[in-house]
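Dear colleague,

I am handing over the structure we spoke about, and my notes on it follow. Please look through the model first and then read on.

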Amino acid sequence: MLPNVGDVYSVFSSELQQYVACQITRIKDVPSSRPVAAVLELDWTGDALPDAAAVQAMRPLLCDYFFWNMRHDHCYATANVPPGHTLVGNIAPLVDVEVNSYRSGWNVGDSVLRQRNWERIDPVRRQQFKAASDEREVTLGGQVFQQDATKINDSVLQALGDLSELEQLPCLMSIETSHGTQGLMEFIQGNPFINELHWQSSTVHALDFSGSGLSRLILQPDGVSSLVLNEGLSLLALRSAPSPALRIEDGADGCHLTLQCTHTLPPLDGLDRLGSLSLVSMKEVDLAQVAGRFPHLTALRIWGKPGLASHMARLAQLSQLRMFSAYDLFGFTAEEFPSATQLPKLSALWLTSLPADAAKAIKAGYKKAAAQGLDLSVTKARKPEWLAENLLNPFRDWDGREHISPAYAKKAALAYKKMLAVTRSIDASSVATAAAATLEAMVTAYVDEFNKIERRASIIETVEREEIYTVLADLLTQLRGQLDGQGAALVDEVALLDLFDRLREF
């Protein structure tokens, strides 16, 4: 269902435990895509849906949290009205300006929550945050920073004489450390502006962030035995599998949290009412395990490497599911994927790179739901021939990227295939000098292919540059492993990676 300009919608916010509201100020057609709507967040909350008088009195929300300066939360999003949003009135648009930003969903209530959390912070600290300037400099650990710097890492932390020196950065919001200490944990507890933390520690095993203002915690959980989360945390990302004994405490039992796990879904004690789960770089994923462990999920995202899904039909057990997305996920049939009637609360279904037969059936089966408001996207249907040629190619992700043509995606994939053939020709019986010359020629040819691509089209950006390097580094590591004891003599990874850096033009 598409809204009309001026429509005011209300939806219940589980985080605020109140109803919130937004207005549609514009609707714009997008060539070769679905129309988008400008969604304006309103400065209203209530314990029930608003009546006509409340709608007439509504005003736009003015946001001044962090670096916002009395701005409106006003963004384009998919025009289809998401399930759960109730039309409560239509009034003249409260803001009449062109909108320049886009986001994936309506996200009504997010800025109200952020504004309320900001207003709970000590006014003196808020004033210090706003007064910080990029024209003033401070020195910490021998390094000079602009006063309004927002990030630090171990290069600063390891050089500090006292953590109190960090008070010179009133806008400090992000810390990244591989040497977390008890003192640093306590400092984070007392600083409400620190909202992102990358943490690893060999000495602190019981983590308590309950009094902090964190919204994102990226954790290397090695050695962590207990973890207490703060109210307002939106993301907990585990960068490796934690100990099975890890106990996670959260006041809402994970209801408002996204848990992100890499490579596997580990056993965890706690978060029994988890609201959102993201599984990254999965080779295998058992939907029966997911549904059994976290039956209250409202959002599930799976990125395959590529991944093989088992028991896909059990997805239907997630009766509260509102969003499901999967990328590079295979191993299931059209018959196994739940029907639209089995997932009645689903508001978004995004599937990219999946079996062709399943893609065709899902598009047909969810067509009616899409007409009624479901945000449906099913792309990159893969035929068996494609799977055989590309399933294990690390450059398969280039196929379909907006700024990379299919021709260049194929060239990248072919460059990998050629390099793989060379490494397979080297074994423990190879002569060291001959192997070295062969590998140098391989690296030269590999880099030359991407140099040619870059000269012709300039498509290699930061992400692609890192991927090209990582593919080579991983292949050399694998080759050393295959050669066992002869690997060190035949494969000089440092010299070959140095050759890569000297030859590349991207």
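On one side of helix 10, Pro406, Lys410, Lys418 and Arg424 are exposed (over 50% relative accessible area, with buried meaning under 20% and partly exposed in between, for a 1.4 Å probe and protein chains only). This is a predicted model, in which local features need pLDDT of at least 70 and side-chain atom pairs count only at pLDDT 80 or more, while totals for chains, interfaces and linings use all residues. Residues are numbered from 1 along each chain as its sequence is written, and side-chain values use heavy atoms, without hydrogens and water.

Helices (H or I, at least four residues) and strands (E, at least two) are DSSP runs numbered from the N terminus. Helix 10 covers residues 406-424, and its buried residues include Tyr408, Ala412, Tyr416 and Met419. Seen down the axis of helix 10, the buried residues fall within an arc of 150° (taken from the directions from the helix axis to the C-beta atoms), so they line one face of the helix.

Strand 11 (residues 174-177) is joined to the parallel strand 12 (residues 196-199) by 4 bridges, and Glu176 has His198 as its bridge partner in strand 12.

Best regards

Technical notes:
The expected span of a helix is 1.5 Å times one less than its number of residues. Two strands pair if DSSP finds at least two bridges between them.
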